[in-house]
Amino acid sequence: MAEMLPIKLTVNGAVVSKLVDPRQHLTDFLRIDLGLTGSHLGCEHGVCGACSVRVNGQVIRGCLMLASQTDGADVQTIEGIFEAGEAAELIAAFVARNALQCGFCTPGMLLTAAEIVAEGKLLDRQEIRNELSGNICRCTGYQSIIDAVEMVLLEKLKEA
Amino acid sequence: MKASTFKYLHAQSKDEAYAAFAEYGDEAVILAGGQSLMPMLNMRLAQPAVLVDINPISELSGIVLLNQQLHIGATTRHVDVANADLIAAELPLIGCAIKQVAHRGIRNRGTFGGSLAHADPAAEMPACAVALDATFVLQSRAEERRVKAVDFFLGVMTTDRRPDEILTTIELPAQTSNDAWAFHELSRRHGDFALVGVAATARRRSEGLEELRLVVFGCEERPRISKIAASTSLSQKDALELATAVAEDLDPMSDLEGDAKTKRIQARTLIQRALDDLFVEGANG
Amino acid sequence: MSDSEQTIGASLPRRDALRLAVGRGTFTDDIVLPRMLHMALVRSPYAHALIKSIDITDAKNSDGVVRVLTGADLEDVCSPFIASIEFLPNMISPPQYALALEEVAWQGEGVCAVLAESRALAEDAAELVKVEWEELPAVVDPLTALLAGTPTVHRKLETNIAMIMPIEKGDTKLAFANADVVVEHSFEFGRQAGVALETRSVVADFEPAGRQLTVYQSHQTPYQMQDVYARHLGLAEHQVRVIAKDVGGAFGLKLHAYPDEMAAVAASVLLGRPVKYIVDRQESFTSDIHSREMTATGRLAVSGQGVILGVEVDILSAIGAYSIYPRTSVGDGVQAVQFTGAPYRLPTFKGRVRIVYQNKTPCGAYRAVGQPIGCSIIEQLLDLAAAKLNLDPSEIRRRNHLRSVDMPFKAAGGLEFSNVSLDECLTALLAKMNYDSLRNDQKKAQKRGVYRGIGLATFVEQTAVGAGLYGPAGVRVSAQEGCSLRLNPSGLVNCSTSVTDQGQGTLTGLQQVIAETLGIGFDDVTVEAGDGGATPYGGGSWASRGLAIGGEAARLAAIDLRNKILTVAAAITQELPENLTLVNSNIFDGSKCLMDLSELSEIVHFRQNTLPPGVDFEMNVTRHFVPRDFPYFIANGIQASYLEVDVGTGAIKLLEHWVAEDCGKIVNPLLVDEQLRGGIVQGLGAALYEHCLYDDAGQLLTASLADYAVPLASEMPDIHIVHVETPVSGTGLGAKGAGEAGTLGAPAAVWCAVNDAIRPLGAQVWKQPFTMAHVLQALNSKGSLL
């Protein structure tokens, strides 16, 4: 067995120090070691996007980054984003528009959507579709998700 | 599936990486953005003994313009290339093509140099590097080499990089306002690897196109610059004939998405569309 | 308390959407139990082979390994699956073991299970298991499987033919001889995978002292699995409890009993410790059921007026290595034949399906089972006939649709209808899509050299399947649904239902039905489901049954509870119960409010002593419902696709999609619409991308999400929906199912649209999915493009 590596990072605002198996990817670390089960594993080969988490402010695939690479990093998961009240409009829009069914992809989808909204660029529906194309949803057919993101984005741009 | 066991080294400098190469030889594999390597690890298709993480080496990241050459550090993230004003201004071909690279979450983590060093024949950046006549800077403890993009890609996921070398910088001549360029890619879905793609640059003259660098990718073992297309200046009426000739000159690999004949038809269409763009100013703006 | 009026029919957001959105769902992999072990499987690398020997020495000694199990170890603990149907006594079904014993029959069949302290350690050890194989010839191609002299898929089988079923009504020979127009077409349907985003998952917890087995499983039917585990593990059924918490998509693939999951449960029984088994994505592709692999030829005879005279269809359905347990794998092929032409008046019909085994992953029910195949065949034939007669595709459909005057109706394939609204749906659809202006747009585009096509697909959908189907078949599946209601001391109601919800929103629908029927607010009801040990016995979710059957059970339970409440209220207030009503949680006599429901609730729970003797104060009711008048409810509708074919690359760009749908009474339009959209997009995936490809040796070539392409947001069109509402007879609620309508009709609509687009070039596609390569092949067959 490989030597365990010490890492110290911030997860959802709290400092975490742990020993990790070098081969463990970030999502397994969050789910197994920290009990943050809101990030899901849909493929573990970087295609589905269900494991999306935010590292140093950017959304990445948690299954395509090693926990050992997050030493010193700032990691945010859906749990932290919800608890901080961030993306509240987006989450509310997802619920109101029924932009989720089984909910397995949704935390990852929301993180990606939140990044798009935060960038605040005016996007048409096809552009929103392209921006979300890295997150697979097998239930909704996407339209309700696009509606929800479009609604929140337009609202944000109107305010700005 | 979970990766098999490996030793993980967090290289803080190139020297630390070289030391790891010296100690572990072929057993050591470079981890950059990891967007191609990590899936292979997770599927146990790759089972390296040692991973050398070069992300901490800060000098490997960044974009600068020097003497009309853009120097892109190998670990510059795709997102940073895509968002850079310098790229938009000086390398519009890259600026356009990089939007076709995978998806947001991958571009946020994946690196420019990683994509080139991985050398997937269906990837966009290697084709653009060839079309733009890029030079790859490879450094080992002993020496620094400069390799032209056209010589760097040797085959499917095979490059001229030696196991003890780091791809540090990619140098790309800035495109000028006289330079026409075009990029067309056919993929099943947005962000997928190309089934067939074309990256092209040329100088637009009143009588036609000159210095045409037409690269077809995705269907052969590596991105290939067409010699047929490069030979003469091209007038618009000869475009269809050239597209057909270039397509017929291809030796496409059959795969799940089509046989060689299919790929040739698709390539011809894309080449034709790329040539149309090259003739029309602002077609790809 | 909120307003109870008109809850049914309101577009209310789902009760559990927020919890799931913010990552607070409990999917099976989220469950962690003390002393829990993790299982990894060694799976067969060959499509067909004999196991000569298994050496587990190194694996046993690997880090963190607790036990390594082979087929022989499990044989003593659990009996094999044999999936058969009583009314098909000639159907052959080989036994399927939790782990293979001597022979493996598909690449991915489980051979050896490693139980270790973590999944990674279990996988490390699995790599150390040494299996000595003797490779046998693999039967991959369905046609070859049929031929005499072809080796069999299992050594013990005498033939690869699972069954052959002919259907005949009237004399098609005569009909075709008298027809003005006869069209014929061959079809190939690609094998598909269901691809739930959460892979199949199980946490089995056998407590050896009390011999109590609890299984947390990502599954559609806990009751079925309780029955399966009890019978195959030799436990009494009340010793087994299966709990499906949140399920990350199911689509039929989580309806079956799988040998790998059986192995995990058996391992827990053997070891007396909790065992977690999460199928990884690659395993999911080789071991989840596949479906839809069929080839077909269809012929259609019509009169000069475009009236159907006869249909002939011959289908070959390939189901992989085993008939899936307990429902069997023949449904796909059987329904494909039954649904060919089902929405139309067919004076004569001749159909046949041959179902063969092959050395590939077993097939089973996937959303819309067989129906998309039948739909695609007839819709394509109708378009071909319409083109010959120079009739508009909408017109030939209108001339042949079943109408209300034909009801009740029994179709040639045996389908029973109580009502349909096909013409109404067609009218609504054409209006919604501005059909005529779209045809103009298509013509204008063609002048620019742009090939656009419009495709229509009429469909009927078999929903809410009841005991009328499973009973005679002798399949141990409970098709009833149950609902228990409990009135709490504050006047709030707990519902416990056998219906399960994988995101459809069925539980929200039940909440609406209960609230309105009872006369209380939507938020005054909570619904629990998925716990096979604690909810009323029933089915679960499959075949679009949740609201149609479970909703009726909920309605009946709510009526009973309301009557109980009013009876007590009458006793308390000295009024006649028949004069009382319950509205907005208040008891009224006419317009006079007598008391609040919470006041009554307090009395029945805490102050029974104040009630007159003999008054029934028990405020728990349970009702079950199963359709008795019809074996199922037939829903119906029409879809339309508008798309563009790039004739230079073969690429298809979906522009827009429409559906007019009739699922009877709509309880929640918001949720129904998204069921339709989600279903349509799965159907669009089938049309454009989804294909499990194998090589000649039976190796799956598309075992990752990169290779097996499912729809992404980027290529999907906006989908416009219009409803026609024809309540079903036989229930008070009047709801039919809607879960499969989208998946059913979308491939046919795209198929028709693609061919509509390229018909001017004299080309047509015949193979689904319509990949770029196939479109080019179709175009190229009419002359060289290069």
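How much area do chain A and chain C bury between them? The figure legends below begin with that interface. This is a predicted model, in which local features need pLDDT of at least 70 and side-chain atom pairs count only at pLDDT 80 or more, while totals for chains, interfaces and linings use all residues. Residues are numbered from 1 along each chain as its sequence is written, chains are lettered from A and ligands numbered from 1 in the order in which they are written, and side-chain values use heavy atoms, with hydrogens and water left out.

**View 1. The interface of chain A and chain C.** The two chains bury about 4000 Å² between them, with 56% of it on carbon and sulfur atoms; buried area is the accessible area (1.4 Å probe) that two parts lose on being put together, summed over both. On the chain A side, A:N98, A:Q101 and A:R138 lose the most area to chain C, together 19% of what that side buries. Chain A brings 44 residues to the contact and chain C brings 50 residues, where contact means heavy atoms within 4.5 Å. There are 7 salt bridges between chain A and chain C (a side-chain nitrogen of Lys or Arg within 4 Å of a carboxyl oxygen of Asp or Glu). One of them joins A:R23 to C:D124, with the closest N and O atoms 2.6 Å apart.

View 2. B:R44 sits in the loop between α2 (37-42) and β3 (50-53) of chain B; helices (H or I, at least four residues) and strands (E, at least two) are DSSP runs, numbered from the N terminus. Because its relative accessible area is 7%, B:R44 counts as buried (buried is under 20%, exposed over 50%, partly exposed in between, with a 1.4 Å probe and protein chains only). The side chain of B:R44 makes a polar contact with the side chain of C:E127 at 3.3 Å. A polar contact is a pair of N or O atoms within 3.5 Å; within protein, one must be able to donate a hydrogen and the other to accept it, and residues adjacent in sequence count only if both atoms are side-chain atoms. Leaving aside neighbours within four places in sequence, the contacts of B:R44 include A:R23, B:M1, C:A120 and C:D124.

**View 3. C:A706 in a loop of chain C.** C:A706 belongs to the loop between α19 (669-688) and β30 of chain C. Its relative accessibility is 43%, so C:A706 is partly exposed. Not counting residues up to four places away in sequence, C:A706 touches A:H45, A:V47, B:R188 and B:R189.

**View 4. Helix α13 of chain C.** In this helix (residues 422-432), the buried residues are C:L422, C:D423, C:C425, C:L426, C:A428, C:L429 and C:L430. They pack against several elements of chain C, among them α12 (393-398), α14 (435-447) and β20 (451-463). Just after α13(C), C:N434 takes a positive phi of about 50°.

**View 5. Domain 1 and domain 3 of chain C.** Domain 1 covers 17-24 + 480-625 and domain 3 covers 369-467 + 631-780, with bounds from an automatic or database domain assignment. Their C-alpha centres lie 39 Å apart. Domain 1 gives 16 residues to the contact and domain 3 gives 20 residues. The area buried between these domains is about 1300 Å², and carbon and sulfur atoms give 60% of it. Across this interface there are 0 salt bridges and 10 residue pairs in polar contact, both residues at pLDDT 80 or more.
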